[in-house]
Amino acid sequence: MEETHNNRTSLVRGAKDIAKEAKRQAAKNFSKAVDRASDEYSSQRSYNRFQNEDEEENNYNSYTQQDGLYADNATNEEDGASSDATEGHDDEDEIYEGEYQGVPGYNDGKPRDGQVALGQPVSDSLKSHKELENERQADEEELAQQYELIMQECGHGRFQWQLFFVLGLALMSDGVEVFVVGFVLPSAETDMCVPNSGAGWLGSIVYLGMMFGAFFWGGLSDKVGRRQCLLISMSVNGFFAFLSSFVQGYSMFLFCRMVSGFGIGGAVPIVFSYFAEVLAREKRGEHLSWLCMFWMIGGIYASAMAWAIIPHYGWSFSMGSAYQFHSWRVFVVVCALPCVSAVVALTFMPESPRFYLEMGKHDEAWMVLKHIHDTNMRARGEPERVFTVNRIKIPKQLDELVEMQNESANPVLKVLFKIRAELRGIWLTFMKCFNHPVKENTMKLAAVWFTLSFGYYGLSVWFPDVIKHLQADEYASRVKIHNNERIEDFTFNFTLENQIHRNGVFVNDRFISMRFKAVTFIDSSFLNCYFEDVSSVGSLFRNCTFVDSFFYNTDIDDTKLTNSRVINSSFHHNKTGCQMTFDDDYSAYWVYFVNFLGTLAVLPGNIVSALLMDKIGRLSMLGGSMVLSGISCFFLWFGTSESMMIFMLCLYNGLSISAWNSLDVVTTELYPTDRRGTGFGFCNAMCKLAAVLGNLIFGSLVGITKAIPILLASSVLVGGGLVGLRLPDTRANVLM
């Protein structure tokens with residue numbers, strides 16, 4: 001019995017020893033795994049994760065012998081005196097938990113530079129550019145689907161409406177800038193004594209500035225962000241628009257308006273790209289169309305302010321004869337207010353989360369999306385709802401070749417280098433717009449933008465000029481003609497308007513505190529006459545003779561004395577500069593009122609396009625609107641009166657606005673996020689180029705013929721509409 005008891009005791013002890021040894025070995029293995037992870041992290045060594053389990057012990061012994069870490073491994077295991085931190089490494093420990101199963105990261109699982117691990121993905125440095133592009137494209141498609149679901153979870157509410165009004169102010173500023181050109185042009189050229197050879201440059205140079213601005217700011221928004229670019233571009237516009245109201249020289253005024261146009265050129269491409277990226281698919285078409293209404297509001301605002309301010313000559317002051325601040329300059333300042341308001345409001349809005357994701361900034365995008373979600377949920381009365389998105393797909397970031405620069409370089413050289421790098425990036429992004437699969441769409445969009453803009457802006461110039469021409473013909477038909485009159489010892493202290501005096505004789509007459517408006521004297525004589533405080537607007541003296549006459553504080557100079565003789569007469573304190581007056585100027589009020597009606601006429605079209613954009617489709621609305629606009633041009637044959645031309649202007653604007661709205665939506669949806677601003681900016685630049693050509697071509701045909709403007713506008717609009725119908729339908733697309 002005692003022998004049996006001793007055997008059992010020995011068996012228990014042996015089992016305990018085995019368990020103790022197994023526990024010690026497990027602790028050693030865990031410690032070795034930690035050591036191995038630390039060693040590999042510090043030395044960036046790579047190991048084969050896949051070894052034959054049958055050879056684990058042999059590999060372990062071989063590894064420890066090669067490293068020389070232990071002289072006698074068996075002794076260390078028996079006495080257990082060695083520190084676990086200095087144990088050797090087994091190949092069974094090659095697969096460990098710490099590095100591969102920690103917090104998920106987008107760079108996890110990537111081999112170190114210059115190494116390729118078996119069973120691991122090939123390093124990006126060993127892949128071709130085409131392979132990387134294909135991977136990025138796959139990531140983009142996955143992100144597009146996920147982002148659509150995220151926006152549906154965030155909902156449509158207070159945040160979108162806040163951004164709607166902020167971006168609306170920016171778009172309103174663009175509309176104001178376009179209308180300011182037409183309203184200010186006559187007054188600015190008169191105030192600055194611009195000769196006929198320089199007239200018309202203001203309109204063209206502003207559109208040229210907008211053309212380059214659209215391309216530059218649109219491309220830059222794809223590199224540095226929508227919000228930041230829009231803030232800078234609007235600030236440039238507001239500053240130089242405000243400055244232009246104070247400059248006195250015409251060349252400096254042109255420069256300020258050109259830079260102002262360059263700034264506002266970025267509004268349209270960035271605003272629509274920015275807003276589309278925070279809208280779900282089912283809301284995008286409708287709300288982008290509602291956003292277009294702010295351009296109409298800008299036109300109405302500019303027309304109303306022009307009607308209220310410019311004709312009021314009393315709204316001005318002067319500092320001597322060198323500095324004049326007339327009412328049209330007050331109008332320019334007032335028109336800069338929407339831009340200033342947009343800049344202030346934009347400072348409180350976040351960057352586009354879709355742009356952040358495109359740049360690989362996951363955390364920033366997540367924070368903005370959470371802000372959108374929480375803002376909308378609080379507005380709905382559901383603040384307890386939690387944003388459930390934890391991780392969002394990030395497209396593969398393709399490294400670009402960047403030229404390194406010495407840190408000690410001149411600051412000016414650093415700035416120039418930065419500008420050159422940004423311009424190069426914009427150009428490379430622009431060239432992507434002509435790569436498959438967007439190349440064909442880019443060409444079609446450019447054609448539609450050009451044709452629609454050419455017809456719209458061309459007719460927008462032609463309509464008012466034709467109305468003015470009709471007014472001038474009617475005004476000329478009411479001219480009063482006086483022949484062979486003789487007036488002696490008479491005082492003229494009232495206004496003479498729209499008259500022609502032939503072979504008249506004026507003896508000992510006095511012209512005091514009076515005005516000549518559209519008065520022409522032909523072959524007339526002025527003997528011993530006195531002129532004091534006389535203004536002459538649109539008046540001339542042709543082949544006239546002045547004998548023993550005295551001129552004091554008048555604007556009669558050599559430019560108004562055509563082939564006239566001045567004998568023994570003197571001029572004192574002549575008025576300098578060009579004289580502006582709007583007293584009882586019916587034509588000025590009429591022009592602003594006509595533009596106001598033309599702008600207001602687009603309201604029904606805006607409402608219809610917003611309500612039907614997602615129902616009948618973008619392409620049907622685009623093509624149908626352009627074709628109908630082209631057909632409506634043929635009714636201009638019957639425009640023989642002012643009222644008929646105004647009606648045709650309102651009809652044309654009402655029909656064409658749906659094409660503009662749908663074109664904005666289609667352009668936004670056709671381009672992927674990484675080139676959306678660039679593509680939209682290029683199309684908008686083509687729009688402004690067409691505006692310049694339309695102004696020049698249609699403006700030169702006013703009063704000459706109706707046939708060419710009508711046929712030209714009709715053909716380009718119908719042709720552009722047919723091209724637009726061949727664009728891909730984007731109604732069901734998610735934003736790529």
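Partly exposed, as I use it here, means a relative accessible area between the buried limit of under 20% and the exposed limit of over 50%. I note at the start that this is a predicted model.

**Nonpolar patch**

I looked up isoleucine 631 and found it in helix 20, residues 618-632. Its relative accessible area is 42%, so isoleucine 631 is partly exposed. I then listed the surface patch that includes this residue: Leu628, Ile631, Phe634, Phe635, Trp637, Phe638 and Leu711 form a nonpolar area of about 720 Å².

**Cysteines**

How many disulfides does the structure hold? I found zero. I checked cysteine 687 to see why: its closest cysteine sulfur belongs to cysteine 683 and lies 9.8 Å away, which is too far for a bond. The cut-off for a disulfide is 2.5 Å between the sulfur atoms. Cysteine 687 has 2% relative accessibility and is therefore buried. I also looked at cysteine 154, which is buried with a relative accessible area of 0%.

**Salt bridges**

I counted 15 salt bridges in the structure, and I followed up some of them.

Arginine 226 and glutamate 277 form a salt bridge with an N to O distance of 2.7 Å. This pair links distant parts of the chain, 51 residues apart: arginine 226 is in helix 8 (residues 226-244), while glutamate 277 is in the loop between helix 10 (267-276) and helix 11 (281-309). I noted both residues as buried. The two also belong to a network of salt bridges that links Asp222, Arg226, Glu277 and Arg676.

Next I took arginine 354 and glutamate 358, whose closest N and O atoms are 3.0 Å apart. They sit four residues apart in helix 14 (residues 353-358), so about one helical turn separates them.

I placed both in helix 15 (residues 362-380), four residues and about one turn of the helix apart.

I traced an open sheet of five strands in the order 4-7-9-12-15, with parallel pairing. Its edge strands are strand 4 (486-488) and strand 15 (565-567), each pairing on one side only. With direction ignored, neighbouring strands of the sheet are turned by 5 degrees against each other on average. Strand 12 (residues 545-547) is joined to strand 15 by three parallel bridges, and there I found threonine 545 partnered with arginine 565.

I then followed strand 10 (residues 530-537), which runs parallel to strand 8 (residues 510-522) and is joined to it by seven bridges. Isoleucine 512 stands opposite glutamate 532 in this pairing. Strand 10 also runs parallel to strand 13 (residues 550-554), with four bridges between them. Tyrosine 530 has phenylalanine 550 in strand 13 as its bridge partner.

**Two valines**

Valine 166 is in helix 6, residues 158-191, and is buried at 9% relative accessibility.

Valine 466 is in helix 17, residues 439-477. I recorded valine 466 as buried, at 9% relative accessibility. Its C-alpha is 9.5 Å from that of glycine 699, which is 233 residues away along the chain.

Technical notes:
Residues are numbered from 1 along each chain as its sequence is written. This is a predicted model: local features need pLDDT of at least 70, side-chain atom pairs count only at pLDDT 80 or more; totals for chains, interfaces and linings use all residues. Side-chain values use heavy atoms; hydrogens and water are left out. Buried means under 20% relative accessible area, exposed over 50%, partly exposed in between (1.4 Å probe, protein chains only). Patches are made of residues with over 30% relative accessible area and no salt bridge: like charges are joined within 9 Å, nonpolar side chains (Val, Leu, Ile, Met, Phe, Trp, Tyr) within 5 Å. Accessible areas come from the Shrake-Rupley method with a 1.4 Å probe; for residues, only the protein chains shown count as cover. A salt bridge is a side-chain nitrogen of Lys or Arg within 4 Å of a carboxyl oxygen of Asp or Glu. Two strands pair if DSSP finds at least two bridges between them. Axes are lines fitted to C-alpha atoms, for helices over the stretch in contact, and angles run from 0 to 180 degrees between N-to-C directions.
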